[in-house]
Amino acid sequence: MENKPQDKEVLKALVKITRYTIFVSLLLVIGILIYTGLLFSGQSESSLPQDNISKNTTPYAAAAAPVDVTAATSSKPVPADAWKAPDSATVPAGKQGKMIRYGKDLLAHTAQYFGPKGSIAQITNGMNCQNCHLDAGTRLYGNNYASFIASYPKMSFRSGKMSPASSRIAECFERSLAGKVPDTSSREVQSILAYMKWIGKDVPKKAKLFGNATEKLAYLDMAADPEKGKIVFIQKCQSCHGASGEGLLAADKKSYQYPPLWGKHSYNDGAGMYRLGNFAGFVKNNMPYGATYQNPQLTDEEAWNVAAFVNSQPRPHRDQHMDWMNLDKKPIDFPFGPYADNFSEKQHKFGPFKPIKEAQKNQSI
Ligand code: HEC
Ligand code: HEC
């Protein structure tokens, strides 16, 4: 059979197309290789587990790896002027530097010093400050200490008195760590202060910083629902924090590998985490462990609901009837009355918060 001229043309075109396809596929493969390479190097940096987490040999081990943030298709952008902790190279030398480093160590390993088996005193529930103030209070929206020092000393609306920074530190010992306060003139509290001064050294008073402390999530239209939150807990939290929210002790039995969320070793009901807004904002950007502001794993609604579930479970009680003597300044989600308005304790705990906010606005006119 004789080849027609068109056939030749077709053949030529086919060869061209094949070459072109091979070339494009090669480019694609190279692209994918570079991309996965980048992801892996990024992940090893961002999966900053505590020293002991990688040595996990517990029953939870299989399920308890930090969530894979690489599965996310896109990540939320962070503005260029977002807060960043100072570079550790700026810790001064000498005595001051030593205090700053000691302060950081106290926050990261509080239980080693002050837990039930603490080397200095046995005065806390065994949690570390860092369990809630992630990366020693330096993480974007990880309940960081960015603007803490700049805002002190200030009027404490809880106690109604002027209060120094050390008394705010004391509050977390008494409430979040459900314990007693070490002497505020001690080297320990002074070192924590020195560290916090260093963290906040570049932050002017009253600055509005992106990423400061904990994100304030938008209020839902409805009340947060503990029943729905229970489902989130079982699916996304229980593998690490335990079926009864009891957490898991680290191998040395002194501090927690996974801190408790409720029960007798958890924060008490006077703690900041007991307020739904703080809890929801914290978990939205940080939990399940490995989630970040850029790559959250929960919707706002899931965050509010799981907050409602966890904060409906039993925990140590603290008498708070002397707190917030100035009712006008009581936070909207503070779950114990009396209030300056007529909304119930239940609504102040779970919401809906929008009607309360509205009522407060009208009042202050
Ligand atoms: C159970 C979680 C938890 C633990 C553990 C915890 N904190 Fe806190 N802390 C919070 C929350 C939540 C807030 C914000 C509370 C608020 O808005 O009222 C907070 C606020 C603070 C603030 C004020 C920050 C600011 O910007 O005004 C300081 C200082 C502080 N904590 C220090 C500590 C220290 C020191 C420890 C350890 C001794 C500690 N915290 C342990 C949850 C915790
Ligand atoms: C992969 C394990 C893992 C999963 C899953 C996980 N967490 Fe955590 N969580 C941690 C670790 C580890 C810390 C302490 C972080 C630190 O010390 O740096 C923590 C700390 C916390 C804290 C502050 C400390 C405390 O105990 O009160 C809260 C609140 C919290 N997680 C809630 C949740 C919620 C809600 C979920 C589910 C949406 C969840 N976590 C899922 C590992 C996990």
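Reply: G115 touches T110, T124, G126, K254 and S255, leaving aside residues up to four places away in sequence. Contact here means that two C-beta atoms, placed from the backbone, lie within 7 Å. This is a predicted model: local features need pLDDT of at least 70, side-chain atom pairs count only at pLDDT 80 or more, and totals for chains, interfaces and linings use all residues. Residues are numbered from 1 along each chain as its sequence is written, while chains are lettered from A and ligands numbered from 1 in the order in which they are written.

G115 sits in the loop between helix 3 (110-114) and helix 4 (134-137). Helices are DSSP runs of H or I with at least four residues, and strands are E runs of at least two, numbered from the N terminus. Is G115 buried or exposed? G115 is buried, because 26 other C-beta atoms lie within 10 Å. The cut-offs: 20 or more other C-beta atoms within 10 Å is buried, 12 or fewer is exposed, and in between is partly exposed. L177 is 62 residues from G115 in sequence, yet their C-alpha atoms are 9.0 Å apart.

Now the helix pair. Helix 2 (residues 94-108) and helix 6 (residues 187-199) have axes that come within 7 Å and cross at roughly 100°. The axes are lines fitted to C-alpha atoms over the stretch in contact, with angles from 0 to 180 degrees between N-to-C directions. Helix 2 and helix 6 are therefore roughly perpendicular. That term covers 65 to 115 degrees; under 35 is roughly parallel, over 145 roughly antiparallel, and the rest oblique. Helix 2 contributes residues including M99, I100 and Y102, and helix 6 contributes residues including I192, Y195 and W198. The contact residues divide into nine nonpolar, four polar and two charged. Nonpolar means Ala, Val, Leu, Ile, Met, Phe, Trp, Tyr, Cys and Pro; charged means Asp, Glu, Lys and Arg; the others, Gly among them, are polar.

Next, ligand 2. It is surrounded by 28 residues, and the closest are C237, C240, P259, P288 and Y289. A residue is near if its C-beta atom, placed from the backbone, lies within 6 Å. The shell around ligand 2 has 21 nonpolar, six polar and one charged residues. Helix 8 gives the most to this shell, three residues. Helix 10 (300-310) supplies at least two.

Helix 10 is mostly covered, with nine of its 11 residues buried. The cover includes helix 7, helix 9 and helix 11 (345-350).
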